[in-house]
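User: I'd like a close look at one part of this structure, namely its ring contacts. Please walk me through them in one connected answer.

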Amino acid sequence: MTRLTADQARRVAVAAQGLAEPRPAGPVTRAHLRKLIRRIQVLQLDSVSVAVRAHYAPVFSRLGPYNRDLLDGAAWSHTARSPRLLVEYWAHEAALMSVEDWPLLRWRMREFVHGRWGTEIVKKNARLAEDIVAAVGELGPSTAGQIEAHLAGERARRKGPWWDRSDTKWVAEALWSSGVLTTAHRVGFARHYDLTERVLPPHVLAREVDDAEALRELTLRAATALGVGTEADIRDYFRLRPAEVRPALAALVDAGELEPVEVAGWSAPAYLRAGQIVPRAERGTALLCPFDPLIFFRPRVERLWGFEYRIEIYTPAAKRKYGYYVWPFLLDGRLVGRVDLKADRAAGVLNVVGAFAEPGAEPARTAPALAGELRTMASWLGLGSVNVADHGDLAASLRAHL
C-alpha cells in the first residue's frame, strides 16, 4: 500500500484545490471559472456579508481579483451568448454547482420531496404547494413574499384557504429542495424561485442517471477535489451517508480510479486519486473564508495542519477566542495565521479586527505576505485602505507592513 507523509498529504490537498497554481496574469474569464468549478465542484452559499459573501471568496482565493459580476452572471442569468453555468442546490450545504451536474443529485431531490426540514408542515399543505407552483408559473421568478402577496390576492377574489408566511416559505423551500423549483436569480441575496424547466436547459433535464452511478460519480469527484481523504472526508464533501459512499469507494478502487493509501499520523485509511502527482514543493498562498472547500470539514483541517478552527459567529463576543468572521491564512501551503475581517463599505476600509499567528509561524515572514493579500482583497472589494486593530499577537507586525 502506498504511504504518504503528513507533508505529502498536505501538499496534495492544497494542489487538488487549485491553490498551488499561479493566478491568471490577465482578466479572469468564464473559462477560468468553468475550470475552477470542475476542480472544486461547489461554492457554498451563506448569508453573512460582514466581509464578502462566502461564494465569491474561493474564486478570489484561487484566481485573484475578479469582477464579481462574472460569477453573478454565471449563476443567475442566461443569455444565448452566456448560458447559465451554475445552479443552486444542496451540494455540500446550499451551494452553487455546475448546471450539468444537476442530474447527479436527483436521488436527493426524491428524498427531499417534502423538503429537508419542516416536512410535517409541507405534508399538511399539499394544496399550498400546488398553488405556489401555479403562482410561480404565472408570475415568473418570485420571492416567497411575492408569492404570498399573489396568493393573498387570489384568496380575496375566490375566498379560498390561506396560510401564514412561514408556511409559504416552508413549502417554497421544499419545492426548491425537491427540484420542482430552482433559483432563477438573486436580488440582495433574496432567492427568486422559478420553475426548474424554465431555468435549466432541456438536455440537462432530460438526462437520467442511475442512483448508484450518481453516487459513484459524486464520490469520485469528492475524492478528486480533496486529492487525498478518508472516507469521512469524502462523505462530507457532498454530505453523503456511509451506506452510500462505501460501495462507491469499493467500486472505484476496483476500477483503479482510487488508490487506498496510508497517511502518517492518520488513524483511518485514506484514498488517493489514481494518477495524482505528489508535489515536491510547498505552494499556495491565500486568504480562506470560513466556507472554503479546502477547510470546510474541520476534522480534516486539524489532521492536515494541526489547525483548530471553529466559527464563532454564534459565540457571545466576550467569549470569542479569535473573532466573528475569521479567515485562515495559507502561506506556501501552511496555515500560519488568521484574521477577523470586516468591510466598512461606507468608509471604504477593510478592517482587520484581530490578527493572530499560529504557533511556530514566523511573524517576520507571515506579516508582509498577509499584508499583501489584504491589500489585494481590499482593492478587489473596492475599499481604499486596510486598518488593523490592536487585537491579536500578529496585529502590531501586520500594521507595520501596511
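Analyst: Let's start with a charge and a ring: the charged end of Arg338 sits over the ring of Phe307, 4.0 Å from its centre. For this label, NZ of Lys or CZ of Arg must be within 6 Å of the ring centre and within 35 degrees of the ring normal. Please keep in mind that this is a predicted model, where local features need pLDDT of at least 70 and side-chain atom pairs count only at pLDDT 80 or more, while totals for chains, interfaces and linings use all residues. Residues are numbered from 1 along each chain as its sequence is written, and side-chain values use heavy atoms, with hydrogens and water left out.

Another such contact leads us to the rings themselves: Arg191 has its charged end over the ring of Trp176, 4.0 Å from the centre. Trp176 also belongs to a cluster in which ring pairs link it with Tyr89, Trp90, Trp102 and Trp117.

Across the whole structure, a search finds eleven aromatic pairs. Rings of Phe, Tyr and Trp (its six-membered ring) pair if their centres lie within 6.5 Å; planes under 30 degrees apart count as stacked, over 60 as edge-to-face and the rest as tilted. One of the pairs is Tyr89 with Trp176, which is tilted, at 5.7 Å centre to centre and 35 degrees between the planes. This pair links distant parts of the chain, since Tyr89 is in strand E3 and Trp176 in helix H9 (residues 165–177), 87 residues apart. Helices (H or I, at least four residues) and strands (E, at least two) are DSSP runs, numbered from the N terminus. Tyr89 and Trp176 are both buried, meaning under 20% relative accessible area, with exposed over 50% and partly exposed in between (1.4 Å probe, protein chains only).

Next comes Trp90 with Trp117: their ring centres are 5.5 Å apart and their planes at 90 degrees, so this pair is edge-to-face. Because Trp90 lies in strand E3 and Trp117 in the loop between helix H5 (106–111) and helix H6 (119–123), the pair ties together parts that are 27 residues apart in sequence. Trp90 counts as buried at 9% relative accessibility, whereas Trp117 is partly exposed, with a relative accessible area of 48%.

Finally, have a look at His92, in the loop between strand E3 (86–91) and strand E4 (93–98). Its relative accessibility is 2%, so His92 counts as buried. Most residues other than glycine have a negative phi. His92, not a glycine, has a positive phi of about 65 degrees.
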